[in-house]
Amino acid sequence: MKDIIKEELKRQGLSLRQFAKQNNLDYQVLLLVLNFYKVSRPVILKLAEILQKPELVYYYEKEVQKRKGRKHG
């Protein structure tokens, strides 16, 4: 998922910080979410909408479930 976002930002010539600022997203929260230190479906939904990449939601949910399994397994 992170690779999809990185590739899209690279294509647009933006850093993650610039992207966050342009789209009124908190840069620190965005980093936490993308590194799965914080779960935030609203942030992922907004990213998917902005980048027109609905598959991000699927990848995010899949990764969240995988990580939950590790904690309980």
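At what angle do the axes of helix H3 and helix H4 cross?

## Basis of the model

This is a predicted model, in which local features need pLDDT of at least 70 and side-chain atom pairs count only at pLDDT 80 or more, while totals for chains, interfaces and linings use all residues. Residues are numbered from 1 along each chain as its sequence is written, and side-chain values use heavy atoms, with hydrogens and water left out.

## Helices H3 and H4

The axes of H3 (residues 27-34) and H4 (residues 41-51) cross at roughly 100 degrees and come within 10 Å; helices here are DSSP runs of H or I with at least four residues, numbered from the N terminus, and axes are lines fitted to C-alpha atoms over the stretch in contact, with angles from 0 to 180 degrees between N-to-C directions. H3 and H4 are therefore roughly perpendicular to each other (65 to 115 degrees). Val29, Leu30, Val33 and Leu34 of H3 make the contact with Val43, Ile44 and Leu47 of H4, where contact means heavy atoms within 4.5 Å.

## Helix H1

In H1 (residues 2-12), Ile5, Glu8 and Leu9 are buried (under 20% relative accessible area, with exposed meaning over 50%, using a 1.4 Å probe and protein chains only). These residues cover an arc of only 95 degrees around the axis, which puts them on the same side of H1; the arc is that of the directions from the helix axis to the C-beta atoms. The face turned away from this buried side carries the exposed residues Asp3, Lys6, Glu7, Lys10 and Arg11. Just after H1, glycine 13 takes a positive phi of about 70 degrees.

Methods
Helices (H or I, at least four residues) and strands (E, at least two) are DSSP runs, numbered from the N terminus. Angles under 35 degrees count as roughly parallel, over 145 as roughly antiparallel, 65 to 115 as roughly perpendicular and the rest as oblique.
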